[in-house]
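Please look over the sequence and the structure below before reading on. The paragraphs that follow begin with a single residue and then widen to the chain as a whole.

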Amino acid sequence: MRFFSLSLKLSLCLIGGMVIIFAVLGYQIIALHQQNLEAATYSAGDRITDVVKRSTRYGMMHNRSDETNQIVASIGSQPGIETIRIFNKSGEIRFSTDEREVSTRVDKNAEACYACHVQGAASLQLHQIPHQLGREERTRIFNSNGVRTLSVI
């Protein structure tokens, strides 16, 4: 007795092979798309950081803290921006979108400080400033209260 004809067996093998090939290609396309979206997100974060630096530079150089506060508040009120903080060299927050943070120090082990103050790093690395760090060291995506958040130093 023949349960399956040769054409049915070949058709099932062909369909099975196509399913496997499409599954592998689909997975690769999704992974590539995710990488592209993350790269675009990092790039957008860098652009926003650059806008903040360029916008506040003049006010900070001329010690006009009211101008700098207004610029930080304006940019920080944009949709998708959670917090903007500007630190001095000693790690004190000088300007922030959250008024309660101003004049406080941050924990050097916090997510935002990790790149410059990683434990066990060489002494040269401990004193690098953010613009000397590569994009990989200045940006990271982490979970903050269950929400994926981009942090840019």
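Asn63 is exposed, since its relative accessible area is 69%, where exposed means over 50%, buried under 20% and partly exposed in between, calculated with a 1.4 Å probe on protein chains only. This residue lies in the loop between α1 and α2, and its phi is near 55°, a positive value in a residue other than glycine. Most residues other than glycine have a negative phi, and most peptide bonds are trans.

This is a predicted model, in which local features need pLDDT of at least 70 and side-chain atom pairs count only at pLDDT 80 or more, while totals for chains, interfaces and linings use all residues. Residues are numbered from 1 along each chain as its sequence is written, and side-chain values use heavy atoms, with hydrogens and water left out.

The protein chain holds four helices and four strands, which follow one another from the N terminus in the order α-α-β-β-α-α-β-β; helices (H or I, at least four residues) and strands (E, at least two) are DSSP runs, numbered from the N terminus. Of its 153 residues, 19% count as buried.

How is α1 placed against α2? Two packed helices are described by the angle between their axes and the distance between the axes. Helix α1 (residues 6-61) and helix α2 (residues 65-76) pack at an angle of about 165°, with their axes 8 Å apart, the axes being lines fitted to C-alpha atoms, for helices over the stretch in contact, and the angles running from 0 to 180 degrees between N-to-C directions. That makes α1 roughly antiparallel to α2, a term for angles over 145 degrees. Where the two helices meet, the residues of α1 include Val52, Ser55 and Met60, and those of α2 include Thr68, Val72 and Ile75, contact meaning heavy atoms within 4.5 Å.

In soluble globular proteins, nonpolar side chains tend to be buried together. Leaving aside neighbours within four places in sequence, Phe95 is in contact with Met60, Ser65, Thr68, Asn69, Val72, Ile84, Arg85 and Ile86.

Further along, the loop between β2 (93-96) and α3 (123-126) contains Lys108, which counts as exposed because its relative accessibility is 52%. Although Lys108 and Gly91 are 17 residues apart along the chain, their C-alpha atoms are separated by 8.4 Å. Ser103 is found in the loop between β2 and α3, with a phi near 70°, a positive value in a residue other than glycine, and it is partly exposed at 47% relative accessibility. Back in helix α1, Thr41 is 109 residues from Leu150 in sequence and 7.9 Å from it in space, C-alpha to C-alpha.

How far can these details be followed? The chain averages a pLDDT of 82, with 83% of the residues scoring at least 70, where pLDDT is the predictor's confidence in each residue, from 0 to 100. Confidence is highest in α1, at a mean of 92, and lowest in α3, at 45. Over residues 119-126 pLDDT stays under 50. Where pLDDT is low, the predicted coordinates should not be read in detail.

Note on methods:
Parallel < 35°, antiparallel > 145°, perpendicular 65-115°, else oblique.
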